[in-house]
Amino acid sequence: MPPSRSPIRNLTSALTVLALLIVSSVSLFPGSAAAREDASPDAAPPIASSAHIDQVLDTTRLVFDLSGAVEPDAFVMADPDRVIIDLPEIVFQIDPRSGQPKDARPSRRRGVSGAKASETGVISSFRFGLFAPGKSRIVIDLAKPARIVRAISEPGPDGRHRLQVELAPTDAATFRRTARAMAREIIAERPAPAPDASGADDRRPVIVIDPGHGGIDSGAQGIGSVIEKALVFDFSKVLEARLSEGGKYKVLLTRNSDVFVSLADRVKFARNSNASLFISIHADTISEAAGVSGATVYTVSDKASDAQAAKLAEKENDADAAAGLGGPEDGADVSDILFDLTRRETRAYSHVFARSLVAYWNGAGRLNKNPLRSAGFLVLKAPDVPSVLLELGYLSSEKDMAALMKPQWREKAAGAMVEAIDKFFAPRIGAGGQTEAAEGVAAAQR
Ligand SMILES: [Zn+2]
């Protein structure tokens, strides 16, 4: 007689099948997979796909739509008054111009996506981007003193996450008190970029190329979707390649990605790398005169050469504040005779190179009608590294923009720069003797 299956055993196996079905359907559910990824330390950073501001009665809310959860750390900072939200790395797939007030955009086209910061409530504008490797940041410029009601990230009904920063007006005294209480050692937290340690017996001159701005600091915004930080980075890479071709120089960049680097860290990087030349690359806008165009080479001086140069230096020196750092660090002004002598000599060398750069540029591209200027640029203040800041052209000029976007123009301009650099270093690399650069320095010091 065949053994009959007991009803209890049948029930058990049915339950087992049911349990297996439940388990497999849970693991197929995308939400749970995403939750596990969030917990893993090497998960891909969440993606922010849009941002908007809404206003409910007194409360202004800035909302970012995210693919995963984050833990925000929000605090306020005075002078200028800002709210800063520190975050783990986030990939912002949002037009960087979307946080700017509409009238501040030179663009003829509106931003394609994202929020419209428009002086409603307490927010006048906001920026976002990489602040340091692995760290993203949002900086909100305040139209009036505000307090942080809450800053949280929570899952929405669609399974996506929302980072919400809620702000409400407060009085000026309370704001300043809170800012003082929340003050933190932000600069000390960030290590200076480590200089390249390869080859201690590499005797080639070190040239540091400094692509302006980066990360949360976009720099100037040009016609269409052009932003300064991306344009100057692309140009710096072309220049790096051209300079490296001959093998005569060791070429280093202050940033190798779209990341924020403070002005002080750029100077520190050049000094730690024993740079013989520092070239900061920019392409700004000039709001009051769209007709102004052509390249300009700036050197550092205590007194600005003209009002426009002073204004530009002020704008460039604001880069740290734009990224939510405290006041600019400017500890280089030591009164010491030896220091003064070094600085004088360095400035003279900077002038010699600036003049040479203008001369060679003349053959490759257009120059500003006043191409040699000077002002108090913080990024040029290394006392022992000859430093210049090159404005490739103005993003507010259609003529300049057309040139700057062309790969052929970039190659030609970079080629002219290599010639100017070769000329500057020729005495040190080739035969010795009384050199043109040294003569120039002597002349500049007289
Ligand atoms: Zn700039």
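This is a predicted model: local features need pLDDT of at least 70, side-chain atom pairs count only at pLDDT 80 or more; totals for chains, interfaces and linings use all residues.

Start with the hairpin. Strand S6 covers residues 123-132, and strand S7 covers residues 135-142; the two pair in the antiparallel sense, over eight bridges. One of the bridge pairs joins Gly129 to Arg137 in S7. Two residues sit between the strands, and in this hairpin Gly134 has a positive phi near 80 degrees. As for burial, S6 is mostly covered, with nine of its 10 residues buried.

Next, the sheet. Strands of a sheet pair through backbone hydrogen bonds, either parallel or antiparallel. Here we have an open sheet of five strands, and reading across, the order is S5-S1-S2-S9-S8, with mixed pairing. Which strands are at the edges? They are S5, residues 91-92, and S8, residues 146-155, each of which pairs on one side only. At the S5 end, the neighbour is S1, residues 47-56, and S1 and S5 pair in the parallel sense over two bridges. Ala48 has Phe92 in S5 as its bridge partner.

Last, helix H7, residues 307-317. Its buried residues include Ala309, Leu312, Ala313 and Glu316. Why are these four on the same side of H7? Because they cover an arc of only 100 degrees around the axis. And what do the buried residues of H7 pack against? Their partners are strand S13 (295-300), helix H8 (319-322) and strand S14 (367-375).

That is the tour; I will take questions now.

How values were computed
Residues are numbered from 1 along each chain as its sequence is written. A residue is buried if 20 or more other C-beta atoms lie within 10 Å of its own, exposed if 12 or fewer, and partly exposed in between; C-beta atoms are placed from the backbone. Two strands pair if DSSP finds at least two bridges between them. The arc is that of the directions from the helix axis to the C-beta atoms. Two residues are in contact if their C-beta atoms, placed from the backbone, lie within 7 Å.
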